[in-house]
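Have the sequence and the model open as you read.

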Amino acid sequence: MFDDLPPDLDRLETLRVWHALWVQRIDRKIAAVRQREREAEHGRRTRPKPPEWLVELGIGDGRPPVKVHAGDCHMTGKRHRPVDRDEARRLLAAGLPGCTHCQPDVLVMLRSR
């Protein structure tokens, strides 16, 4: 029989303590990872829904609206505010350009049906 453990009791007890400490360390890490996964899942479940429409805002006094975007458009700049469908439709009808990427002028008509 292959036995690579030391023959004396002192070294065997030392190895047992050392391995018990490692098992405790691993258990703490498992608990921390499980907690982090629970928190991430809770964050996914409770995250607010993105707005349906966004208005990109310009720079300067009053920050005038520049473009209309769909709420999930990744081309929206850092300066924007959420708007409802009626305001998005009103802004597009007033001549504010829509994003060429997400094409909100087409989407606002499709989603209003």
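Arg-81 is partly exposed, with a relative accessibility of 31% (buried means under 20% relative accessible area, exposed over 50%, partly exposed in between, using a 1.4 Å probe and protein chains only). Bear in mind that this is a predicted model, where local features need pLDDT of at least 70, side-chain atom pairs count only at pLDDT 80 or more, and totals for chains, interfaces and linings use all residues. Residues are numbered from 1 along each chain as its sequence is written, and side-chain values use heavy atoms, leaving out hydrogens and water.

Now for the salt bridges (a side-chain nitrogen of Lys or Arg within 4 Å of a carboxyl oxygen of Asp or Glu). The whole structure has five of them, including these:

| Pair | N to O distance |
|---|---|
| Glu-87 and Arg-81 | 3.0 Å |
| Glu-87 and Arg-90 | 3.7 Å |
| Arg-44 and Glu-41 | 3.1 Å |

Glu-87 and Arg-90 sit three residues apart in helix α2 (residues 85-93), so about one helical turn separates them. Helices (H or I, at least four residues) and strands (E, at least two) are DSSP runs, numbered from the N terminus. Glu-41, Arg-44 and Arg-45 form a salt-bridge network.

What about strand β1 (residues 53-57)? Five of its five residues are buried, so the rest of the structure largely encloses β1. Strands pair if DSSP finds at least two bridges between them. β1 runs antiparallel to β2 (residues 65-70), joined by five bridges, with Leu-57 opposite Pro-65. β1 also pairs antiparallel with β3 (residues 80-83) over four bridges, and there Leu-54 faces Pro-82.
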